[in-house]
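My notebook is open and the viewer is loaded. I'll jot down what I look up as I go.

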Amino acid sequence: MNTLPENTLKTRVPQEKVDRIVKTAPSRYRNEIAKYIVHRSLDCERCGKCLEVCTHGVHERKPGFEYFGEPNHHLCIGPSCANNGHYCVAQCPKQALQIRENPMYRALGDCRWSADLVLATWKMAETGEVPSAEYDYNYECGDSGGGFDKLRFKFPDRPPVKLDANQIDTSISLNKRKDGRPEVKIDVPWYGGGMSFGSVSNVTQLSKARAAVAWNTFTCTGEGGYMERMRPYDDHVITQVATGLFGVREETIQRVPIVEFKYAQGAKPGLGGHLLGDKNTPAVARMRETVLGISLFSPFPFHSVYSIEDHMKHIDWVKHVNRRALISTKVSTPTDVDMVAVGSYSAGTHIVHIDGGYGGTGAAPDIAKKNIAMPIEYAIGKVHQFLAAEGVRDKVTLIASGGIRSAHDIAKAIALGADGVVIGTAELVALGCVRCSLCASGRGCPRGIATTDPELCGKMDLDWGTQRLVNLYSAWRKTLVEILQRLGLRSVAELRGRTDLLMHLDYTNDVPAKK
Amino acid sequence: MPEKYHIKTQPVPPRQPRIGKHGVVDWREDCARCHNCVKKACVYDRYRQEADYIRNLNDVDALFFECMGCFSCVQNCTKNILCLSVNPTYEKLGNKYWKPDIIKTTWLQAETAKIPVSGAGYRGPFSGHGFDSMWTDMSEIVRPTRDGIHGREYISTSVDIGRKPSYLSLNETQSVAGLPPLVSIPMPLIIDLSSPAHTLPKLDAAIEQTAGDTGLIAIMDSRYRPADEANLENIAFYLGPDSPPVPDAILKKTRLVEIADSPAVAKRIQEIKKIHPQIVVAIRVELTAAGIGRAIELAELGEVEVIHVVADANGNELTAQKPRFLKDMIRQIHTTLIEKGVRDEITLMAGGGIALPEHMAKAIICGADLITINLPLLVALECHLCDSCQPGSPCPARLEQIDSKYAVGRMTNLIAAWHDQLIELMGAMGMREARRLRGDVGRAMFFENLEEETFGKLFGTRKVAL
């Protein structure tokens with residue numbers, strides 16, 4: 001407290017600790033969606049052979065019962081089990097068992113988030129581990145047919161340097177300006193994206209905050225104001241100053257280590273924010289200081305910013321109000337995103353956060369989600385190279401978001417030139433989102449994640465939500481460490497801009513690496 | 001400043017049961033009768049409304065179709081007897097180009113007149129064929145209005161149709177001489193001729209009324225006679241090679257007419273202008289292999305005011321083995337006309353394959369002044385595009401039974417939703433005028449360019465066709 005510079009909030013509340021411990025956090029639903037389903041026919045004589053051979057716990061017979069319960073379909077690894085001698089179907093003396101792909105599988109997921117990716121993310125959130133290869137989940141990419149989904153790492157047959165997992169550093173520094181402000185370091189190269197109270201429940205927001213504490217990273221308030229319940233996590237919160245200025249006060253700016261100016265967002269670049277009237281509940285209206293039940297628009301862009309000089313004026317204001325804060329500038333990906341990034345740097349930002357056109361968690365016009373601004377895969381390299389050409393690449397942190405779904409996407413984004421990434425949808429999937437896209441309709445998310453409806457919010461418990469995210473982060477970090485190990489890199493910082501380690505499935509990949 | 005363009009709309013519910021993407025299959029024979037049925041907890045009350053559906057035998061499948069696909073009931077059922085599936089009827093909608101998603105979103109817009117909004121980010125492929133291989137730009141700082149796109153100021157979507165001389169000439173009395181006529185419409189959209197398979201008297205009357213209500217123009221067969229003569233301003237008769245002539249008195253009340261392309265177009269234009277000097281004449285050019293060349297050739301004729309290029313319903317070049325797509329054909333015509341120094345003098349209308357509002361904006365960015373549509377309006381009336389419009393074949397949308405209020409309401413709603421979405425895109429781009437959007441490829445990003453600039457440099461030559 002005594003070391004805090006002047007103009008920093010003097011009324012800090014005690015900060016809460018959250019342990020970085022992985023614990024199993026099974027689905028909060030009775031029936032987990034499975035890739036394969038196991039069918040037991042009436043021919044079963046209940047001999048128990050299946051129970052004996054299965055090493056995954058698919059079959060279950062409660063003590064004292066003669067009959068088997070419903071198989072744990074989601075634990076079944078499918079027909080690939082035939083290769084390992086534990087295949088219940090082959091060993092059943094009455095041929096009473098069948099395994100087939102779940103017909104429901106087709107109804108889950110989409111091009112960007114394939115059903116495999118959704119299930120693998122659930123599995124990681126449940127166990128904190130990378131899903132076993134036996135499950136045959138293709139979770140390293142989606143089915144979108146471009147961008148990250150066509151990029152692969154060129155892993156050498158043998159790592160050039162043998163590195164122990166403990167030797168690998170996945171932390172990144174968020175302040176490269178050396179301007180006397182704190183050297184903020186996060187332990188993993190990602191932090192949670194802005195989801196405002198109103199668009200998501202406070203359980204969701206708090207789960208994100210607590211996971212950020214556990215992993216020494218950040219979450220972001222979004223632009224819906226700063227919940228009092230977030231205060232025990234102030235040191236891991238980025239507060240957003242967006243065009244609607246909902247809930248922005250000097251006091252909230254003084255609470256946090258990072259303040260983010262949101263100019264645009266990937267879901268609706270150039271269109272501002274829009275909270276539908278149904279979600280403007282009494283609590284939301286109070287927080288945002290608005291009238292209950294009306295749609296809330298955040299205009300685009302800032303009414304007081306017409307130029308980089310105006311942007312600088314804003315940054316100076318926040319830097320004065322909070323002498324320890326780093327500044328992040330969140331923009332989308334127009335064709336001149338490289339110029340915007342350099343302009344933001346020159347205005348004094350510490351973090352340039354570019355949010356690609358395919359991103360977003362909340363409600364947005366379909367036409368905007370699909371058509372406006374370039375996908376992040378193109379923007380990262382463009383900005384990275386331009387910052388380097390301008391000689392300022394090592395003086396600013398480049399954060400990418402908008403379609404980062406997995407640890408593999410994170411690694412690819414960093415290899416393309418980002419320092420780190422911001423994630424959003426992946427966290428919601430870990431909390432049980434099925435991407436039904438109904439966040440905006442009526443009472444909001446039927447899964448109780450992106451809603452402020454009291455009944456729906458009750459579907460999720462804070463400890464469970466926190467644990468799911470802690471587990472997901474753990475599995476992601478393990479994956480990232482494994483990627484770095486295989487590439488022989490000691491730190492995630494060494495991966496930045498290493499496009500020579502990537503290949504694209506649609507290209508000849510015959511460009512000699514630059515020395 | 002001209003009056004703000006506003007289309008009056010009201011919700012028009014569908015006549016047929018909705019066809020949703022998902023449905024829950026319910027295996028009732030294994031039900032445990034647990035009295036804690038998850039169906040009661042459906043956020044959308046779909047099961048609670050079950051009895052209503054069952055009473056109406058025409059709508060028995062509506063319950064199945066109105067599932068929102070959230071998996072909540074499936075995952076909570078104590079006996080695990082519910083299964084969510086993709087609705088096979090949904091998958092049969094449309095065709096390879098007019099995908100089920102397009103049909104569904106068009107139905108929604110025709111019902112509500114609202115911009116479709118959803119959460120959880122973009123769900124589709126990275127890029128795709130035709131219009132899906134380009135993105136529109138946005139501006140971080142500059143935009144036309146400080147009050148939001150639906151605020152006090154506004155974005156003009158009006159366009160002018162006709163010949164625009166590149167310079168003015170003064171006559172002996174020092175006044176501007178011989179300015180060709182121009183037709184202004186409030187939105188860069190014209191309702192095109194219906195295909196013969198979809199021609200219904202009721203439909204024509206509804207199209208006429210929709211054009212009148214929205215202030216747009218509908219191209220109609222020359223035999224059509226409007227119920228309300230006041231709507232003649234919103235009708236452009238199509239004079240094909242075999243069309244009977246339109247009586248002079250009627251033609252004089254219209255502002256635009258379209259003629260079929262022929263070697264004698266110049267003469268034909270003169271004949272029409274003789275009857276009605278203030279009429280604007282458009283020439284319909286089919287985009288066959290010779291279509292692009294012909295459009296360019298016509299643009300260089302002094303008499304030609306408007307060229308309407310038309311691809312097939314899927315936006316493809318007609319009668320070609322390896323057809324080019326409308327977007328690329330528009331770009332070729334537009335750039336060639338710029339090179340020849342005549343682009344600003346003629347109006348280019350483009351049709352065929354315009355299925356979504358973003359196609360309208362993208363076709364204009366590629367070089368069209370405005371676009372023409374007909375199939376989206378048909379889909380607005382719940383057409384499945386099943387392509388079985390034969391006499392005697394049952395129409396799943398029962399188009400022969402539409403009434404005027406329904407049809408005009410649905411088509412007007414769709415046009416209003418498209419207009420709002422055009423404004424969304426233009427607002428994000430920082431554009432105040434649809435006229436200035438034409439050919440402004442700087443306001444778009446093309447897949448092939450971004451790939452080359454980003455991945456081409458890093459990974460060599462692209463092996464897979466764009």
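Before anything else, a note to myself: domain bounds here come from an automatic or database domain assignment. With that in mind, I looked up chain B and found it divided into domain 1 (22–92) and domain 2 (159–451). The C-alpha centres of these two domains of chain B lie 45 Å apart.

Housekeeping next. This is a predicted model, where local features need pLDDT of at least 70 and side-chain atom pairs count only at pLDDT 80 or more, while totals for chains, interfaces and linings use all residues. Residues are numbered from 1 along each chain as its sequence is written, and chains are lettered from A and ligands numbered from 1 in the order in which they are written.

**Entry: chain B overall**

I looked up the helices and strands, which are DSSP runs numbered from the N terminus (helices are H or I, at least four residues; strands are E, at least two). For 466 residues a compact globule would come out near 23 Å, and chain B has 25 Å, which agrees. Along the principal axes, the C-alpha atoms of chain B fill a box of roughly 95 × 60 × 50 Å.

Burial came next. A residue is buried if 20 or more other C-beta atoms lie within 10 Å of its own, exposed if 12 or fewer, and partly exposed in between, with C-beta atoms placed from the backbone. By that count 47% of the 466 residues of chain B are buried.

**Entry: chain A overall**

Chain A has 15 helices and 17 strands. Its radius of gyration is 24 Å, and a compact globule of 515 residues would be near 24 Å, so the two agree. The C-alpha trace of chain A spans about 80 × 60 × 50 Å along its principal axes. Of the 515 residues in chain A, 57% are buried.

Between them, 22 residues of domain 1 of chain A are in contact with 22 residues of domain 2 of chain A (contact means C-beta atoms, placed from the backbone, within 7 Å). The domain 1 side has 10 nonpolar, 6 polar and 6 charged residues.

**Entry: a sheet in chain A**

I traced an open sheet of 8 strands in chain A, with parallel pairing and the order β6-β16-β15-β13-β12-β9-β8-β7. Strands pair if DSSP finds at least two bridges between them. Why do β6 and β7 each have a side left without a neighbour in the sheet? They stand at the edges with a single partner strand each, so one side of each has no neighbour there. Inside the sheet, 5 bridges join β9 (258–262) to β12 (326–331) in chain A, and Phe261(A) stands opposite Thr329(A) in β12(A).

**Entry: where the chains touch**

The contact takes 81 residues from chain A and 59 residues from chain B. The chain B side divides into 28 nonpolar, 22 polar and 9 charged. Strands cross over too: 2 bridges join β14 (364–365) of chain A to β3(B), running antiparallel. Pro365(A) has Val117(B) as its bridge partner in β3(B).

**Entry: two residues up close**

Buried or exposed: which is Glu382(B)? It counts as buried, because it has 24 C-beta neighbours inside 10 Å. Glu382(B) is found in the loop between α12 (375–380) and α13 of chain B. Leaving out residues up to four places away in sequence, Glu382(B) touches Pro14(B), Arg15(B), Gln16(B), Trp107(B) and Ala397(B).

For Gly48(A), I found a place in the loop between β1 (36–40) and α1 (49–53) of chain A. Gly48(A) counts as exposed, because it has 11 C-beta neighbours inside 10 Å. Its C-alpha atom and that of Glu60(A), 12 residues apart along the chain, are separated by 9.4 Å.

Notes:
The radius of gyration is taken over C-alpha atoms; the globule rule is 2.2 Å times the number of residues to the power 0.38. Two residues are in contact if their C-beta atoms, placed from the backbone, lie within 7 Å. Ala, Val, Leu, Ile, Met, Phe, Trp, Tyr, Cys and Pro count as nonpolar, Asp, Glu, Lys and Arg as charged, and the others, Gly among them, as polar.
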